[in-house]
Structure formats: structure tokens, C-alpha cells
Amino acid sequence: MSNILVYTLDGKIYINLTNRCTNDCIFCLRNDKDDVCGQTLWLDSEDFTAQDVIEQLKTQNLPSEEVIFCGYGEPMLKFAILKEVCEYIRKNYPNTKIRVNTNGHANYVYGRNVLPELKGLVDLFSVSLNGKDSDEYDELSQPKFDGAYDEVKKFIKACSDEGFEVVASVVEGYKGRHIDLESCKNTASELGAEFRAREWIQNGY
Ligand code: SF4
């Protein structure tokens, strides 16, 4: 199997668990590129185990300052594997920070609040807020179900309520388009999250 499940960027370790996503963001890197720094993130198969991920992790330079679940898809869709890999990292490298970059749909997808199951494992959730309201969210993120923006906001609030560090993010400047950063920042704050605007860079990451 030539699946790249683990890759490095700027000295940090990233984990690529899936190519599936419940969004189809117009700015998603997957639409423009097949690789990040030459590391192809399209998976040959979605059929792998946590142990396969751990074996690839072992080839990396651990302990690392931070491990980030990210990649070409929504990592929380592989919840059981994500949790098992977090447990491995936490047990063997307790000082390594664990971050999950997510679209915030997990509680909707699983029909329950999954966050308590990640307590003590994940340090930080970075959740894509992606807009000031549901119209803007739907236009930019093209979610595959109705009411996604409200689900994202609920997820951010749940992260905060459960005691996780949480950052709500937007992509600013996609093809010259501007987001109301002040409004998004206020929303983040109301939900108990920090706010981050990430500048869109063509073919960037
Ligand atoms: S949520 Fe992330 S992986 Fe999913 S389509 Fe948007 S940018 Fe791509």
C-alpha cells in the first residue's frame, strides 16, 4: 500500500486519515493540487487500521512539538482510528501537542457528542467556521447536508464547554473575495473560541 497517512511540513507531523469530507469547499486544496510539498495525499485505499498509521508515525522524528490531524479530507470521519492514534501518541509522547483540524460536523455525523471521548487526548481543535452566516458558509463550503453552519457553531461551543482549546478559522481572500472578519471574530468569541483568519494562497497550504 502506498498510502501516505503521515507526512511532515515545516517540522510538524501531519496525519492524513481520509479523502472523504462532508463539505466540498471551493477553496479546498484538493481541487487544485494532488500533493503537499511533493507528498501525494490522495489515498489508494480508505481501508487501513490505526496500526497502519502508527507504523508510519514510527518512521517520523518523534517526539515532535505537535501532531496535527489534517490532510485531504475530514479526519473526524475516521473517529475510531483518530482516537486510537491519539492514545498511542499520548501514551508514548506525552509532551507532544495533538491538534485536530476539522470541519466541525462530527457530532452531527455520529448523532452524539463525541468530544468527551477525546478528553485528555486532543489538546486543540481548529474548526473551520468559514463565514459570517449560513448563506456564506453554504456558498463557500458547499456542505452535503442542510443546517451545517449551525452544526459547526454548536460543535465549537461544545469544544469550549468540554474544556478543549478551540480556534474558529476562516480562509480570507479566496480569489479576491473578503470575509467579514470582525463579525466572524465576534461569533468565535461568543462560542468561547479564539479566532484565526488564514490568508488564502494560490496552491498554498
Ligand atoms: S472541510 Fe477541509 S477537507 Fe473538507 S472540503 Fe473543506 S477544505 Fe477540503
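Helices H1 and H2 are oblique to each other, and that's because of the angle at which they meet: their axes cross at roughly 40° and come within 9 Å. "Oblique" covers whatever is left once angles under 35 degrees (roughly parallel), over 145 (roughly antiparallel) and 65 to 115 (roughly perpendicular) are taken out. Axes are lines fitted to C-alpha atoms, for helices over the stretch in contact, and angles run from 0 to 180 degrees between N-to-C directions. Keep in mind that this is a predicted model, where local features need pLDDT of at least 70, side-chain atom pairs count only at pLDDT 80 or more, and totals for chains, interfaces and linings use all residues. Numbering starts from 1 along each chain as its sequence is written.

To find the pair, look at residues 50-58 for H1 and residues 79-92 for H2. Helices (H or I, at least four residues) and strands (E, at least two) are DSSP runs, numbered from the N terminus. What touches what? H1 brings Ala50, Val53 and Ile54, while H2 brings Ile81, Glu84, Val85 and Tyr88; contact means C-beta atoms, placed from the backbone, within 7 Å.

Now for the sheet. Seven strands make an open sheet with mixed pairing, ordered E1-E2-E5-E6-E7-E8-E9; strands pair if DSSP finds at least two bridges between them. At the edges sit E1 (6-9) and E9 (194-199), each pairing on one side only. On average, neighbouring strands are turned by 25° against each other, direction ignored. Zoom in on E5 (residues 66-69) and E6 (residues 97-102): they run parallel, joined by four bridges, and Val67 has Ile98 in E6 as its bridge partner.

Finally, helix H5 (residues 148-161) lies across E7 (124-128) and E8 (165-172), at about 165° to E7.

Terms used
Two residues are in contact if their C-beta atoms, placed from the backbone, lie within 7 Å.
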